[in-house]
Amino acid sequence: MIFQPKTLDYTISPYTGLTRESWIEAAEYLLEGVFQHIKNFEDPVVVPRKETEVTYPHSADAIWEIKAEYFEGLARSLFIAAPLIHIKPDLVLHNIPIKEYYKRQILRTCTPGDRVYVGSYMDCMKLSKSSNPFKSFQQTVETCALVICLWMSHEEIWDTYTKDEKDTIAHFLLDYAYGNTVPQNWRLFNMLDMAFLHMEGYTIEADIMREHAQAVLAYYTGDGWYRDGHSFDYYSCWAFNMYAPLWNQWYGYENEPYLAAKFEENSNELMKTYADFFDADGFTNMWGRSNIYRNAATSAFDGNLMLRQSTIDPGLARRISSGSLMQFMGREDFLYQGVPTLGFYGQFMPLVQSYSCAESPFWLGKAFLCLHLPADHPFWTAKENNGTWEKLGENEVKTTVLNGPALCFSNHKANGETILRTGKVVKHKDDEHGMWNYSKICFNTKYPWEAAPAKHVEAQQYVLHDVTTDTYSKANVTFWYGQKDDVLYRRQFFAYDLDTECHWMQAINLADYTVPYGIMRADRLRLFKKPITLTLGAYGFADHDTEIFTKELSYERGTAQTTESVTAQAIILKGQDFTGKHKQLAMTIYDGWDKLTSINSTGTNPDSQNSIVVYASTARDKHNHYEQALLVSQVITKEDWIDFTQEELFPIKRIIYTDPQAKGGYGSVVIEHKDQTSKTIDFDKMEGQMML
């Protein structure tokens with residue numbers, strides 16, 4: 001059942017109609033789905049599990065995982081419940097008084113001997129039978145959620161415990177606060193545990209706090225983004241830029257002013273560009289790991305509003321937060337038996353990771369923490385505005401390039417989509433899941449990434465087939481060069497391996513630039529071994545009675561002295577997504593490609609059970625021979641059924657090469673467009689500025 005808010009106000013919220021009351025209704029709606037599965041007051045928050053192979057608990061003997069699931073269900077659902085309890089302390093769902101239930105469950109979770117006690121850090125070490133003295137446990141994550149929610153429902157829950165009960169909870173929290181953690185965003189969990197206890201009068205070790213805080217600050221790369229492991233993803237937004245402002249409030253401003261000032265500065269840097277990460281409807285892009293957390297990405301706005309010197313436009317922040325909320329809650333497939341699925345929209349196992357359980361999606365509850373802001377806060381009273389999207393001209397594209405985190409995102413006024421291009425990606429060559437999350441050459445807010453429809457085809461990824469060994473490989477490492485003259489340059493290696501010199505690995509230099517409805521590519525092959533075949537897919541396209549069209553048109557290619565007329569090919573898909581929204585996609589191929597076709601798939605698209613991927617293919621047969629090096633293609637999309645014009649499908653007038661053979665193996669290449677604009681593709685000196 002789709003969430004339909006009862007309270008709408010298009011005067012204060014002209015884009016979404018959503019108000020603070022609408023958000024309260026949404027929070028109750030989600031909690032209603034949870035509590036239909038809690039039959040007794042003493043039962044923990046455990047919801048139906050649709051699959052049992054990937055997610056945890058992985059076996060009935062994994063007692064520490066079962067305890068972690070109890071804790072995850074409690075703490076993550078509290079993200080939604082805690083601010084709601086403060087607003088509606090007498091709320092009752094399915095005959096269970098919500099405030100009393102959570103008060104009781106929190107205490108039981110932290111009390112040794114109770115049936116739902118989730119165990120101390122040392123208990124988990126014993127139960128796991130691990131010989132690793134630095135092992136960490138999921139419980140550490142949830143202790144942080146717990147202290148945030150105790151803070152937000154302070155008067156209703158924390159203040160009502162006796163001193164002995166508070167001490168029991170504090171002792172439990174301190175055990176994890178001082179325990180081993182993962183040396184990345186997890187450090188913030190320990191920091192907030194200690195900060196909460198310090199705020200409540202408990203003694204903590206300042207040196208442990210300081211060690212974690214300085215390490216977190218050292219992960220900062222610029223533009224508001226932090227490196228979390230090898231990769232960059234939304235953890236910068238729903239962890240670093242949500243938790244650090246809270247830490248500032250609770251501890252940093254008073255006790256570590258230098259570090260707090262830096263965290264505040266970094267959050268404000270993020271706010272300079274973060275709104276443009278979302279599209280004209282406020283949609284969140286499906287990118288990076290933990291996509292089951294969905295609109296939790298908007299919590300960074302709430303984090304910024306907690307700072308002493310917040311810089312985010314509150315009307316824009318609410319517009320995006322509400323748009324992203326309805327991106328998911330406005331869909332029929334979002335819930336499974338009343339709770340969020342393990343997917344981006346519906347259940348979608350290709351994105352699910354083993355560290356998740358059925359209750360994990362409630363991390364999206366972070367988006368609801370904005371309800372802690374009082375009704376008269378500007379976040380709720382400012383009129384919605386749509387920032388960049390209100391300022392762009394009809395076919396204008398705004399491109400933002402952030403070299404620190406290697407992110408390039410473009411806002412396309414023509415179709416309202418935001419396209420993300422990324423770099424500094426390092427994944428194992430066998431980590432197919434990691435490559436889907438990070439190695440796509442484009443991520444689109446309206447076309448969530450598709451898993452492999454076949455071994456030789458990927459959506460928005462190159463797939464290389466080594467004919468000699470009959471093996472297929474994909475790009476698992478992406479180096480970043482940056483933008484030059486409006487062209488973004490990157491390099492991808494196929495089956496990158498640290499044990500092998502880079503010259504013994506197949507690679508491709510990427511060069512791409514925006515057009516009104518999408519991205520034009522002019523990539524150069526960097527091969528040491530042939531024969532090979534190569535494919536490149538467009539976005540996955542939800543298949544609901546899709547119409548398929550083909551078109552051709554001639555263009556010129558050659559050198560400054562001589563040109564020839566050749567034929568470009570395009571395939572156009574016209575259909576609709578799961579919600580019935582009209583969609584169009586077109587892929588056009590120019591130089592370097594042999595064929596354009598499509599493949600049907602089932603179970604690989606997060607928006608639809610059935611999907612289509614249009615893809616280009618080519619072959620290079622002669623080892624150590626100078627063959628066509630440049631691959632030129634375009635993918636464009638529309639959110640309606642108005643036909644693409646001929647100029648949109650075939651925008652290139654002429655491709656002019658430096659080399660006399662017009663193959664693009666060296667020298668610059670000029671691509672002239674029919675609208676009198678041109679782009680120069682120049683890979684020279686990339687080698688000296690490749691960044692990971």
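**Entry 1: two cis prolines.** I started with P531, which I found in the loop between β16 (518-526) and β17. My strands (E, at least two residues) and helices (H or I, at least four residues) are DSSP runs, numbered from the N terminus. The peptide bond joining K530 and P531 is cis, with omega about 15 degrees. I then turned to Y56 and P57, which are also joined by a cis peptide bond, with omega about 0 degrees. P57 has its place in the loop between α1 (20-35) and α2 (63-87).

**Ground rules.** I am reading a predicted model, in which local features need pLDDT of at least 70 and side-chain atom pairs count only at pLDDT 80 or more, while totals for chains, interfaces and linings use all residues. Residues are numbered from 1 along each chain as its sequence is written, and side-chain values use heavy atoms, with hydrogens and water left out.

**Entry 2: strand β23.** What does β17 pair with? I found that strand β17 (residues 532-537) and β23 pair in the antiparallel sense over 6 bridges; two strands count as paired if DSSP finds at least two bridges between them. T533 has A619 of β23 as its bridge partner. Strand β22 (residues 595-602) also runs antiparallel to β23, joined by 8 bridges, and T602 stands opposite N610 there. Strand β18 (residues 541-542) is joined to β23 by 2 bridges, again antiparallel, with A542 opposite S611. I noted that β23 (residues 610-620) is largely enclosed by the rest of the structure, because 9 of its 11 residues are buried. Buried means under 20% relative accessible area, exposed over 50%, and partly exposed in between (1.4 Å probe, protein chains only).

Entry 3: Is K583 buried or exposed? K583 counts as buried, at 4% relative accessibility. I located K583 in strand β21 (residues 582-589). The side chains of K583 and E639 are joined by a polar contact of 3.0 Å. For that term I used a pair of N or O atoms within 3.5 Å; within protein, one must be able to donate a hydrogen and the other to accept it, and residues adjacent in sequence count only if both atoms are side-chain atoms. Leaving aside neighbours within four places in sequence, K583 is in contact (heavy atoms within 4.5 Å) with residues including K446, Y447, F541, D577, E639 and W641.

**Entry 4: helix α7.** Helix α7 (residues 187-199) has 13 residues and reaches 18 Å from its first C-alpha to its last, close to the 18 Å expected at 1.5 Å a residue. That expected span is 1.5 Å times one less than the number of residues. Why do I call α7 largely enclosed by the rest of the structure? I do so because 11 of its 13 residues are buried. Among the buried ones are R187, N190 and D193, along with L188, F189 and M191. The buried residues of α7 pack against α5 (138-152), α6 (163-177), α8 (206-218), α9 (235-255) and α10 (257-271). After α7 comes G201, with a positive phi near 95 degrees.

**Entry 5: the cores.** The largest nonpolar core has 144 residues, and Y102, Y274 and F368 have the most contacts inside it. α9 gives the largest share of this core, 12 residues. Apart from it lies another core of 37 residues, among them Y513, Y517, F650 and I681. A nonpolar core here is a set of buried Ala, Val, Leu, Ile, Met, Phe, Trp, Tyr and Cys residues joined through side-chain atoms within 4.5 Å.

**Entry 6: a four-strand sheet.** I traced an open sheet of 4 strands in the order β7-β8-β9-β11, with antiparallel pairing. Its edge strands, β7 (397-402) and β11 (443-444), each pair on one side only. β7 and strand β8 (residues 407-412) are joined by 6 bridges, and V397 stands opposite H412.

**Entry 7: positive phi.** H94 is not a glycine, yet has a positive phi of about 50 degrees. H94 is in the loop between β1 (92-93) and β2 (96-97) and is partly exposed, with a relative accessible area of 39%. Q337, also a residue other than glycine, has a positive phi near 50 degrees. I placed Q337 in the loop between β5 (335-336) and β6 (339-340); Q337 is partly exposed at 43%.
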